[in-house]
Amino acid sequence: MRVLDLSGLPHRPIEAHGSRGFSVGAFGISADAHLVAVTLAPGGTIGRHPAVARQLLVVLSGEAEVSGAELVVRRLGPGEAAVWEPGEVHETRSPRGMTAMIVEGDLDIGAPGEQVDPGDV
């Protein structure tokens, strides 16, 4: 077993799409998906852009304000997540700052309460 300190990942700032206070740390990658740790500084924004593939944003700490194609803003806290479909234009903001994990790629994400992986039987 390895224990990873996500705060110790090297991060690089991202300014594309009008983003500010946004940085990304590479975490994992496969042929089908990649996983990154992200931080948004207080008042930070991941600017509106289309999702390249299905994208899952999981809030680990802080608070996110997310919107998709319909422009309805939803607040997310730790343990909550947003899913955007391929091509869906979306944006994430954080008035007080946030740490999150983003998984993007060929993901099978079930409906709320649905068990995607039944485990060993």
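Start by selecting H49: skipping its neighbours within four places in sequence, H49 is in contact (heavy atoms within 4.5 Å) with H17, E88, V89 and H90. You're in a predicted model here, where local features need pLDDT of at least 70, side-chain atom pairs count only at pLDDT 80 or more, and totals for chains, interfaces and linings use all residues. Residues are numbered from 1 along each chain as its sequence is written, and side-chain values use heavy atoms, with hydrogens and water left out.

Stay on H49 a moment. This histidine sits in strand β3 and is buried, at 14% relative accessible area; buried means under 20%, using a 1.4 Å probe and protein chains only. Now show G47: its backbone oxygen is 2.7 Å from the side chain of H49.

Next, colour by secondary structure. You'll get nine strands and zero helices, strands being DSSP E runs of at least two residues and helices H or I runs of at least four, numbered from the N terminus.

Now select F22, V38, L57, L76 and M98. Of the 18 residues in the largest nonpolar core, these touch the most other members; such a core is a set of buried Ala, Val, Leu, Ile, Met, Phe, Trp, Tyr and Cys residues joined through side-chain atoms within 4.5 Å. Strands supplying at least two residues each include β2 (20-29), β4 (54-62) and β9 (98-105), while β3 gives the most, with four.

Last stop, V38. Beyond its neighbours within four places in sequence, V38 is in contact with F22, S23, V24, M98, T99, A100 and I102.

Conventions: Buried < 20%, exposed > 50% of the residue type's maximum accessible area, 1.4 Å probe, protein only. Polar contact = N/O pair within 3.5 Å; in protein donor to acceptor, adjacent residues only side chain to side chain.
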